[in-house]
Amino acid sequence: MESVTPAASLEKTPLNAAHRKLGARMVDFGGWDMPVEYSGIIAEHLAVRRGVGVFDVSHMGEIEIRGPQALALVESVTSNAAASLKDGQAHYSGLLYPNGGFVDDILVHRIAANHYFLCVNAGNQRKDHEWIVSQNHFDAEVEYASEKYVQIAIQGPRGLATLSRLTRTDLASIRYYWFRRGEVSGAPAIIARTGYTGEDGFEIYVPPEEGERIWNAVLEAGKDDGILPCGLGARNTLRLESAMALYGHEISESITPYEANLGWIVKLDKGDFVGRDALVQQKKEGVKRRIAGFEMRGRGIGRDGYRVFAGGEDRGWVTSGSPSPLLQKNIGLCMLPVADAAEGRPVEILIRERRVEAETVPTPFYQRKK
Amino acid sequence: MYPKEYRYTKKHEWILVDGDTGLVGITDHAQEQLGDVVYVELPKIGAKLQAMQSFGTIESVKAVSDLYSPMSGEVTEINDALVDAPETLNKSPHTEGWLVRLKLSDKSESEKLLSADEYQQFLASESES
């Protein structure tokens, strides 16, 4: 057993003390001192699938774009069609380099025609901000707004019931991937019906000084719904069961949306945007590799970075692999040449110098009943 | 918490020496650090283990860790029940969650290991750093 002691100079969210009070196990997550688990990844995972869980996701970044040409800038730097968003609507999108690889994957919220709110990955936020500023040839203002928000995710089939106890905002009328500006526990909040768990739920953005009070209020409000505070461990297993991409794993600066099965966030006909030319070319030629799902058949867990063999040859790598707490199988995503990525094919994962049988399978591994 | 009659390593394993046999497991601190244990890979009976060399693997949902043997010896028994119920390692790391039984090749090796008090002092010093 080797143990790891986290370094001291990590970034902290305003909820750091609250996590420690709850007895969370803290880890260094890309330079952030974050809770990986409280009661245990499996219990937390199942709370979200069956009841409700609450996550501190304040390490995520926010970038706000304002001005008469805010939309023109957003359209120019993202791959999805931001022009089709209405006030109060959000979508998943790609912030791309000219080569079609990802600067980051982001959520774009349209607050108003001249005001867009971007939610971006923790480890990429400064890079994203610099990138968007460098691409700003428009009459628009780009604000690095991460310090203005605590972001809390309330996820699971009971999430609506839990959050409803803390707000007069009519949550049931907020549709999936829409949001509203309202209040939570008396504090101003952006309340979005979004998430990264494959479950129904909400992500709220509240003032940092109100963060700990609201976090505690959510835990209290969800008591009868079986709420558990959830860490990044469960966040990862939940998103993996739902086959949602994680930056640095399924997507990166050298992996394009098409290769990550994310063609639906690429709108080639919307007009020019950064990365479009490369994607037009890739679409014409067809992708040579792509992300595929796999399940272990032999005994072992295919983990991130392990090599994947097909037809006896080293053909790719595991991008994310883990036991699935809900399905009680060992699952994962991997990058393979298109010919090997078809469903139902035998592959092998190299686990500690031993090739263990697996099979490519359809994704997502889990889909909630609507 | 940490049985007095056990000896401990700084890699968070314990051994209970009884005559020329030793029962080996991981400590409560180890299981707590790992989180939910989901997979255990143990050596075969008859395998010869060297003190402080890796003899198997333990995996939680999140992490993979090597297992190190506190002392040298030949594996005479393995805890098969862990294959189907690896969570036993979380519930009962010091008793039911034992990993292997060894026929010890050098009993004097136990002198280099930590007592329960020394191990707990080591844990305290680790959490301060």
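A residue is called buried here if 20 or more other C-beta atoms lie within 10 Å of its own, exposed if 12 or fewer, and partly exposed in between, with C-beta atoms placed from the backbone. This is a predicted model, in which local features need pLDDT of at least 70 and side-chain atom pairs count only at pLDDT 80 or more, while totals for chains, interfaces and linings use all residues. Residues are numbered from 1 along each chain as its sequence is written, and chains are lettered from A and ligands numbered from 1 in the order in which they are written.

**Stop 1: two loop residues in chain A**

Select A:N261, in the loop between helix 7 and helix 8 (276-285) of chain A. Helices (H or I, at least four residues) and strands (E, at least two) are DSSP runs, numbered from the N terminus. A:N261 is not a glycine, yet its phi is positive, about 60°. A:N261 has 18 C-beta neighbours inside 10 Å and therefore counts as partly exposed.

Next select A:E353, in the loop between strand 18 (346-351) and strand 19 of chain A. Is A:E353 buried or exposed? A:E353 has 5 C-beta neighbours inside 10 Å, so it counts as exposed. The phi of A:E353 is also positive, near 65°, in a residue other than glycine.

**Stop 2: a cis peptide bond**

Move to the segment after strand 19 (354-361) of chain A, where A:P364 is placed. The peptide bond from A:T363 to A:P364 is cis, with omega near 0°. Most residues other than glycine have a negative phi, and most peptide bonds are trans.

**Stop 3: strand 3 of chain A**

Select residues 53-56 of chain A, which make up strand 3. Both faces of this strand are covered: A:G53 and A:F55 are buried on one side, and A:V54 and A:D56 are buried on the other. Strands are said to pair if DSSP finds at least two bridges between them. Strand 3 of chain A runs antiparallel to strand 9 (residues 150-155) of chain A, joined by four bridges; A:G53 stands opposite A:Q155 there. Strand 3 of chain A also runs parallel to strand 13 (residues 228-230) of chain A, joined by three bridges. In strand 13 of chain A, A:C230 is the bridge partner of A:F55.

**Stop 4**

Axes are lines fitted to C-alpha atoms, for helices over the stretch in contact, and angles run from 0 to 180 degrees between N-to-C directions.

Within the sheet, select strand 6 (residues 102-112) and strand 7 (residues 115-120) of chain A, an antiparallel pair with five bridges. A:R110 stands opposite A:Y116 in strand 7 of chain A.

**Stop 5: helix 2 against helix 7**

Select helix 2 and helix 7 of chain A, whose axes come within 9 Å and cross at roughly 55°. The two helices of chain A are therefore oblique to each other; angles under 35 degrees count as roughly parallel, over 145 as roughly antiparallel, 65 to 115 as roughly perpendicular and the rest as oblique. A:I41, A:E44, A:H45 and A:V48 of helix 2 of chain A make the contact with A:G233, A:A234, A:T237 and A:L238 of helix 7 of chain A.

**Stop 6: where chain A meets chain B**

Show both chains. Chain A gives 17 residues to the contact and chain B gives 18 residues. On the side of chain A that touches chain B, strand 2 (32-37), helix 2 (41-50), helix 7 (232-241) and strand 16 (313-324) of chain A each supply at least two residues.

Technical notes: Contact = placed C-beta atoms within 7 Å.
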